[in-house]
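Visitor: I'd like to learn how to read surface patches and contacts. Could you walk me through a case?

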Amino acid sequence: ITTFNISVLVRGDTSETDGMAPLDPRRYEVPKAMGVFRVLQGHSPNMSARNIIHRIVDKRAAFEARNAKKVVSEAKYYESKKEYVQEL
């Protein structure tokens with residue numbers, strides 16, 4: 001927690017794994033002792049770790065596709081329009 005300069009650790013009041021197994025009481029022991037643990041009230045069905053990870057992966061794919069187009073465009077520019085000026 002100190003190494004990564006974490007000032008707050010948040011857990012939602014519901015989880016995708018609720019009901020599967022009891023929550024280990026030691027799970028958030030350190031952040032609770034440090035006073036940085038918070039429970040986020042008001043569950044939103046679209047704010048699960050699984051959905052957030054899927055959104056990140058989807059955005060990365062779009063980012064990579066967009067950058068691939070830019071690389072091709074820049075290569076064409078440098079091949080056709082780039083003029084070099086000789087230094088004196």
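Guide: Here is a short walk through some surface features.
Guide: This is a predicted model, where local features need pLDDT of at least 70, side-chain atom pairs count only at pLDDT 80 or more, and totals for chains, interfaces and linings use all residues. Residues are numbered from 1 along each chain as its sequence is written, and side-chain values use heavy atoms, with hydrogens and water left out.

Visitor: Which residues contact Ile1, leaving aside neighbours within four places in sequence?
Guide: Contact means heavy atoms within 4.5 Å. For Ile1, that gives Ile6, Val30, Pro31 and Met34. Ile1 and Val30 sit 29 residues apart in sequence, with 8.8 Å between their C-alpha atoms.

Visitor: Is Ile1 buried or partly exposed?
Guide: Buried means under 20% relative accessible area, exposed over 50%, and partly exposed in between (1.4 Å probe, protein chains only). Ile1 is partly exposed because its relative accessibility is 30%. Met34, in helix H1 (residues 29–34), has 44%, so Met34 counts as partly exposed too. Helices are DSSP runs (H or I, at least four residues), numbered from the N terminus.

Visitor: Which residues make the nonpolar surface patch?
Guide: Patches take residues with over 30% relative accessible area and no salt bridge, joining nonpolar side chains (Val, Leu, Ile, Met, Phe, Trp, Tyr) within 5 Å and like charges within 9 Å. A salt bridge is a side-chain nitrogen of Lys or Arg within 4 Å of a carboxyl oxygen of Asp or Glu. Here Ile1, Phe4, Ile6, Val30 and Met34 make a patch of about 480 Å².

Definitions and conventions. Accessible areas come from the Shrake-Rupley method with a 1.4 Å probe; for residues, only the protein chains shown count as cover. Helices (H or I, at least four residues) and strands (E, at least two) are DSSP runs, numbered from the N terminus.
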